[in-house]
Amino acid sequence: MRYTLWEIVRPYRRQLGVGAVLLAATNGLDKSIPWLLKGAIDALREQRLRAVVVAAAWVVVVAAALWVVRTASRLVIFHVGRQTEFDLRNALCVKLQRIDERFVAVLGSGEMMSRATSDMANVRTLVGFGGMNLVNTVLAYGLALALMFTLSPTLTLWALLPYPGFVLVARGLGRGLFKRSHAIATTTGALSTRLENFIRGIRIQRTYGLEDNERRRFSSLNDRLLRDHLSLVRLRAFLWPLLSLLTAAGTLLVIWRGGSMVLTGELTIGEFVAFNAYLGQLVWPSMAVGFLLAVLQRGRASLVRLQEVLLAPETARGSLAPPPEAGARLSLERVSYAYGAHQATAAAFAAQHVPPARATPTGSAQAANAKATGLSHLRAGTKASNQAAPESPAPSAAASTHALGPQVIRDVSLRLPAQGLVALVGRSGSGKSTLAKLLAGRLLPTSGTAVFGPHALSDLSEAGLAQRIQLCAQEVTLFSTSLRRNLLVGGRFDPAIGKAELLAALQDAGLGPDITSLPQGLDTLVGERGVQLSGGQAQRLALARTLLARAPVMVFDDPISAVDAVTERHLLGTLRALAAQHAVVLITHRASAAALADRIFVLEDGALVEEGTHGELTDKGGIYARLAERQALEAGLVLRGAAR
Ligand SMILES: Nc1ncnc2c1ncn2[C@@H]1O[C@H](COP(=O)(O)OP(=O)(O)OP(=O)(O)O)[C@@H](O)[C@H]1O
Ligand SMILES: [Mg+2]
């Protein structure tokens with residue numbers, strides 16, 4: 001699916017067909033009124049009063065039918081617009097669950113929001129209002145011109161004289177509208193991103209007195225949006241009246257030329273009146289051309305922006321999800337990892353969205369627009385990194401090295417036991433969290449393999465992965481909802497998980513006493529709209545969430561960084577107990593915590609440099625031994641200082 005306009009409306013082609021027929025009927029009825037008028041006027045001249053009354057009665061009937069048919073056509077076609085929007089929103093939701101996270105990072109979440117809301121609405125208007133008026137305009141012109149031609153070919157040619165100018169102006173208007181609408185959509189996205197950062201950072205702004213600075217940055221973007229809008233308004237203000245001027249010129253020519261034709265008897269008065277009525281019926285569609293072009297071009301620009309997201313690269317996940325194999329082990333084999341180089345410039349990209357000079361909403365649009373927004377290297381990078389197997393340095397591998405940053409994990413091989421506590425130690429920035437994400441299958445190795453039992457992690461689906469490995473990440477994500485729902489995320493909302501189990505998990509995570517003091521217990525709202533948990537409390541809530549998942553492998557990224565010594569001992573006890581049945585990985589800076597592990601791995605600059613038990617490593621006198629010694633010394637100093 002390429003999400004071209006045709007593809008998104010295709011499921012509704014039957015409704016659109018019905019809509020088109022109704023529109024044709026509307027136009028037919030509409031055009032029959034002047035014809036009846038012609039008959040009536042000419043009958044009046046010939047003093048046939050009965051014919052006049054009959055014609056008048058028909059006008060009433062036709063007008064009533066017109067009302068019904070026109071309403072029905074609108075209902076049918078606008079419904080398709082809404083339905084398309086509904087489908088696109090669902091497609092977007094599904095896509096966001098699979099999308100390569102780096103893509104979102106480069107775009108920015110404000111930009112994503114603006115695409116999901118205002119661009120979506122523009123596409124709905126394109127399909128509903130735009131589609132209806134497009135068909136209507138074509139029909140109105142076709143029918144009116146044909147009837148005018150039947151009445152008088154000469155006069156029709158006169159009426160059409162100003163139209164070449166009309167077409168030129170309309171084309172210029174269309175192009176200008178596309179460019180400006182795209183600019184507005186892009187600036188709106190950038191402004192939403194800015195606004196989001198602005199709201200999140202209000203406290204920091206105040207703390208560091210950055211208000212003026214932030215206000216300037218915000219208003220410069222706001223200024224750009226204003227200028228974009230004004231530029232659009234200027235274009236419309238200049239060209240739109242020109243269109244109506246050209247239409248009026250046509251009417252003037254017809255009155256002058258048609259008037260003399262009536263005098264010479266080439267045309268009856270009835271025909272002249274009907275001709276003018278048809279010309280009059282064209283005024284609105286002609287005027288609407290400008291408006292229609294705006295809607296079509298705005299919708300097209302928005303569709304291109306939506307296509308960019310809907311066709312964005314996805315995390316290369318497999319689809320396997322068999323139940324976890326009992327006793328299977330997780331192991332990494334010569335795994336290396338480099339983040340995309342673009343990550344560092346994500347903010348730069350978000351800040352300067354350059355609209356594409358010319359884009360088409362057809363298949364090539366994806367590539368064209370990716371290039372324009374600076375995302376093409378991401379696409380190339382993702383594709384290349386998927387293909388860059390170590391044994392086949394294909395030409396794309398060169399492209400992938402180009403798109404990737406420095407190696408953060410180098411040639412790491414490690415095999416976890418089926419049960420037991422493994423500690424991962426290393427200084428800040430040594431790559432522990434990256435390794436944790438590789439272990440949990442959240443990142444896929446740039447080279448090397450990560451396997452759980454018989455399956456490569458990359459072959460498992462999200463659900464298959466979640467059943468096997470759980471990561472309690474270093475940065476905690478809490479949702480603004482109740483504690484209970486925050487916890488149940490880990491158990492994937494399994495209805496079998498009762499209150500007792502939730503409380504036990506909280507107890508194990510050292511949050512028991514904190515919860516009992518909360519006003520509504522498990523139903524207390526946390527996050528933005530509820531009680532703000534402390535950093536340590538949030539960390540422990542996340543830990544309890546992972547405990548509830550009960551996966552064979554559980555990786556805890558620095559779970560004791562924000563807790564006091566008593567809680568630390570409690571948590572370590574929990575992890576030790578958990579290790580009797582699960583493979584537990586504990587990432588920590590503290591040698592005192594690592595000492596409890598069955599096996600310790602030391603990471604330095606992305607490479608595993610030491611491995612062994614606490615005793616073995618301290619005897620060896622390497623990095624770990626020095627770390628343990630220094631921490632013991634510091635602890636001793638603190639104790640002695642306190643004693644004095
Ligand atoms: N999303 C990212 N994009 C690019 N580089 C990253 C990203 N995350 C981490 N890095 C880089 O990878 C390296 C390892 O980071 P990582 O977070 O794995 O370290 P860590 O050992 O967990 O540190 P800490 O103990 O402070 O948590 C760092 O040099 C960091 O700059
Ligand atoms: Mg980390």
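# A chat about a sheet, its helices and a ligand

Guide: Welcome! This is a predicted model. A place to begin is helix α20 (residues 535-549), which lies across β6 and β7 (553-557) and runs at about 175° to β6.

Visitor: Which strands does helix α21 lie across?
Guide: Helix α21 (residues 565-578) lies across β3 (420-426), β7 and β8 (583-588). Its direction is at about 150° to β8.

Visitor: And the sheet itself, what order do the strands come in?
Guide: The order is β6-β7-β8-β3-β9-β10, in an open sheet of 6 strands with mixed pairing. At the edges are β6 (469-472) and β10 (607-612), each pairing on one side only. From one strand to the next, the twist averages 20°.

Visitor: Do β3 and β9 run parallel or antiparallel?
Guide: β3 and β9 run parallel, joined by 5 bridges. Within that pair, V425 stands opposite V602 in β9.

Visitor: OK, and how many bridges join β9 to β10?
Guide: There are 5 bridges between β9 (residues 599-604) and β10, and these two strands run antiparallel.

Visitor: Which residue takes a positive phi in the hairpin of β9 and β10?
Guide: D605 does, with a phi near 50°. The hairpin has 2 residues between the strands.

Visitor: Switching topic: which residues come nearest to ligand 1?
Guide: Of the 13 residues around ligand 1, the nearest are Y339, S428, K432, S433 and T434.

Visitor: Which one gives the most?
Guide: α15 does, with 3 residues.

Visitor: How do the residues of that shell divide into nonpolar, polar and charged?
Guide: The shell has 2 nonpolar, 10 polar and 1 charged.

Visitor: Now α5. How far apart are its end C-alpha atoms?
Guide: They are 60 Å apart. Helix α5 covers residues 109-151, and at 1.5 Å a residue its 43 residues should span 63 Å, so the two values agree.

Visitor: Where does α5 bend?
Guide: At G130, by about 35°.

Visitor: If I look along a helix, which residues point the same way?
Guide: Those three or four places apart, because an α-helix has 3.6 residues a turn.

Key
Residues are numbered from 1 along each chain as its sequence is written. Chains are lettered from A and ligands numbered from 1 in the order in which they are written. This is a predicted model: local features need pLDDT of at least 70, side-chain atom pairs count only at pLDDT 80 or more; totals for chains, interfaces and linings use all residues. A residue is near a molecule or strand if its C-beta atom, placed from the backbone, lies within 6 Å of it. Helices (H or I, at least four residues) and strands (E, at least two) are DSSP runs, numbered from the N terminus. Ala, Val, Leu, Ile, Met, Phe, Trp, Tyr, Cys and Pro count as nonpolar, Asp, Glu, Lys and Arg as charged, and the others, Gly among them, as polar. The expected span of a helix is 1.5 Å times one less than its number of residues. The bend at a residue is the angle between axes fitted to the seven residues ending there and the seven starting there. Two strands pair if DSSP finds at least two bridges between them. Axes are lines fitted to C-alpha atoms, for helices over the stretch in contact, and angles run from 0 to 180 degrees between N-to-C directions. Two residues are in contact if their C-beta atoms, placed from the backbone, lie within 7 Å.
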